[in-house]
Amino acid sequence: MTSRRIVSNEKNLLEKDDSNDRTPSASEKSNITPAVPAAVIIKLLGFTAAMVGGPIGVYFLTLNTIFRGNSTWAGATAAFTANLVLIAYVIVAMKEDQSDKLAAEESAKKKR
């Protein structure tokens, strides 16, 4: 087999990477704000902890206290708890989306 030699006037990916035109100059300040607000990250971490800890805690709490060793009912309760956490997350996300939309509409009305 022979290898084909590529003759091109265009720069390849590595050559294009060397010329970084997007670096800010020394007098400009770079934007270091996070892309996602901290409140959103905290909310996501809270629901993640609830999704992990809630069903497991409910399973072991109800296994010997309420259902007296019946793991089927304890598992069903844990699954129900996971669904409650998921529904709560969806409701919170929808309310947050609506509040953003209402704020944008109010700012548009003020501009008029």
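**A walk from the surface patch inward**

Let's start on the outside, where Leu44, Met51, Leu86, Tyr89, Val90 and Met94 form a nonpolar patch with about 520 Å² of accessible area together. Patches here are made of residues with over 30% relative accessible area and no salt bridge, with nonpolar side chains (Val, Leu, Ile, Met, Phe, Trp, Tyr) joined within 5 Å and like charges within 9 Å. Areas come from the Shrake-Rupley method with a 1.4 Å probe, and for residues only the protein chains shown count as cover. Two elements give two or more residues to this patch: helix 2 (38-65) and helix 3 (71-111). Helix 3 gives the most, with four residues. Tyr89 is found in helix 3, and it counts as partly exposed because its relative accessibility is 35%, where buried means under 20%, exposed over 50%, and partly exposed in between.

Before going further, a word on the source: this is a predicted model, in which local features need pLDDT of at least 70 and side-chain atom pairs count only at pLDDT 80 or more, while totals for chains, interfaces and linings use all residues. Residues are numbered from 1 along each chain as its sequence is written, and side-chain values use heavy atoms, leaving out hydrogens and water.

Now step back to the whole fold. The protein has three helices and zero strands, in the pattern α-α-α along the sequence; helices (H or I, at least four residues) and strands (E, at least two) are DSSP runs numbered from the N terminus. Of the 112 residues, 8% count as buried. The protein exposes about 10300 Å², and carbon and sulfur atoms supply 61% of that area.

Which residues of helix 3 are buried? They are Ala74, Ala78, Thr81, Ala82 and Val85, and they pack against helix 2, with contact meaning heavy atoms within 4.5 Å. An α-helix has 3.6 residues a turn, so residues three or four places apart point the same way.

Lys43 forms a salt bridge with Glu96, with the closest N and O atoms 2.5 Å apart. Lys43 lies in helix 2 and Glu96 in helix 3, so the pair ties together parts that are 53 residues apart in sequence. A salt bridge is a side-chain nitrogen of Lys or Arg within 4 Å of a carboxyl oxygen of Asp or Glu.

Technical notes. Buried < 20%, exposed > 50% of the residue type's maximum accessible area, 1.4 Å probe, protein only.
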